[in-house]
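I open this notebook to record a few points looked up in the structure shown below.

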Amino acid sequence: MSINIVRCILTCLGTALVSSPATSQSILQPGEQSAVYVEPVSLAETQSLSGLSLNVAAVVSDKDFADGLQKAADVYGIKLDLFLSQNIEYRREAAERFIAQDDSYLVVDQLDGENWRDIDKSKSVSEPSVKLWNGNASPDNAFTEGFNTLRAARDSIVMKIPKYEEILPIAFPISPLPDSFFQPSKFPYPSPLVRVARTHESLSASVHAHTSCNMVAQTGNMLHRTSSLDKNRLLMGMEGGNLSLHAQPGAIASDKISAVMTSWVLNVDRFGANREILVENNGLDSSVFSVGLHAPEELEIALENMQKKGDILSFQILDHELIKVVGSDGKPRTFRAGMFLVANDKSTKGPEIIVGNDKYGAMTLDFFSTQAFVQQLVEQVAASEKKTKHNETGGILTAGGTTVGNSIGRPLAEAIREVPQSSAPVTPYVFSLEGGFIIVTPETPLTKNILAAPISKIYLDLRGPLTSDQTITVHLSNSATEKVVFRRTIIDFDQFNDALAALQAMGMISGWEFEGSRGRGLFANVVLKNFLGKNRKFMSSLSSWPTDELPDKPLVRMYVDGMQRLNFGLLTREGWRQEFVEVPLRIPPVPRDISLYSGKSSLD
């Protein structure tokens, strides 16, 4: 069958669906047992201000055209639901589903015998505009046409989106909480929960880390100096965790740190020797960071203490990410700093180092700073000298199974650990990456061949409103599958269900449900029903970390973060912690006065 390609975009409505004012359905009904109640807040104002969203759906048959659409979505930070098929029945069904989801635009191509003119009848709209792209696309220009098509769609949407100052209070909802919510209660919490201005201990969030707040926040607000001597040594809050960074020239210029962060990309390749973070700023050149030693002055003190005790003979800080240590056995070892920092639940009087070894037998140093963070440093050993299936010993990071500089060139199976589930919508994995842990699930099933294939490079790309589009791409070698795409998810659905059931038994919620979609995590969010007077959605963090606390049962601990947003942490029986933050039931779009792409990316 010949394919007559006609490009068209159907506008699914220029105005957003506005919720009706709060009704009795918004609050707890008689017979539902609840211990907490506040006056419900109507979402009408929030959704009316949100307007259109940068969500585009595509139902196409040409792969090159689809690749062009996807490339434009990546460049411009647009959430794209892409359906590639030549089955007319399936295509129609997918298009109707996308329209029902209130996507701002639907991009389609037309097959013989296919009619899209009445597709909008499934939605109550008045005079939707239709724009046609003329002619048949040849293999030579299909990619370019797909790119230009999505760019034109984005240009049509972006002028209708509210301004930055209108979006800011929507993006960061502050929950109306009763004064007694964080006071001691009859419930068996380990200790009273209190409202804190800057969270710092195990009952609250990790220091400086905020989940899903990079987008519509200034770049400078995400960065904090960790050295009194080196102004380029920083940490960056990253989805419930932190990154330990060294700013490259120009990265923290005054205009860049005052600009709005629109996206960022993490890159690991060349056997871990090349590790970069590229931050997109509002209308300015990108800021580039590499990995840095956390709190180098404190690290030096900890190493000096080891030297005084005779644990090591000497040490030398080589550069911003490498140190050289001569052990008590006289053997010199070079250590590389991990990219991730995790919160230290225990206070320490001075900087400390716990020595251990990773699963390959390489020596590790888990560095605990007085700034309440832990960073892993790992001995750089030739692959031929490393052992496999070595028992991990040492600090919480090494014991948790992570390592530094050992992902590239090794099988995918060695970087991820499945979390077995009895009943879950997806299978969660703990991905050990450069001294940290991220919680992911694959978009497609992992076969034995894929798991056995060596990793060649890793990209972690955060885009979209509230960095909701989190894509973890792992490139493989020696495999028919060139790459595997992971999305963030929940660390353990079984234990999360148990913890939420405990809240339900207390009368704090009437129920819950998981949700998520392509581009926004696969079942990465949870909606708590009738919680504090209304349904509230919480987004899970990408980062997770092990703690020293091993509760008898999984716990959910509520707190308010430094931005006065309602959060909670999930603590599993094994001591793993994942953060959740309240987000709007409908994620707001990117403001129209923010440039989504600021120049050529060096990581393109």
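I call a residue buried under 20% relative accessible area, exposed over 50%, and partly exposed in between, with a 1.4 Å probe and protein chains only. The model is predicted, so I note that local features need pLDDT of at least 70, side-chain atom pairs count only at pLDDT 80 or more, and totals for chains, interfaces and linings use all residues. Residues are numbered from 1 along each chain as its sequence is written, and side-chain values use heavy atoms, with hydrogens and water left out.

Entry on Arg410. I looked up its accessibility: Arg410 counts as buried because its relative value is 14%. I place Arg410 in the loop between helix H8 (396–400) and strand S20 (416–418); helices (H or I, at least four residues) and strands (E, at least two) are DSSP runs, numbered from the N terminus. From Arg410 to Ser456 I read 8.3 Å, C-alpha to C-alpha, across 46 residues of sequence.

Entry on positive phi. Which value does phi of Ala295 take? I find it near 45 degrees, positive in a residue other than glycine. Ala295 sits in the loop between strand S12 (287–291) and helix H7 (296–309), and its 0% relative accessibility is why it counts as buried. For Ala372, also not a glycine, phi is positive, near 75 degrees. I locate Ala372 between strands S18 (363–368) and S19 (373–379), in the loop; at 18% it counts as buried.
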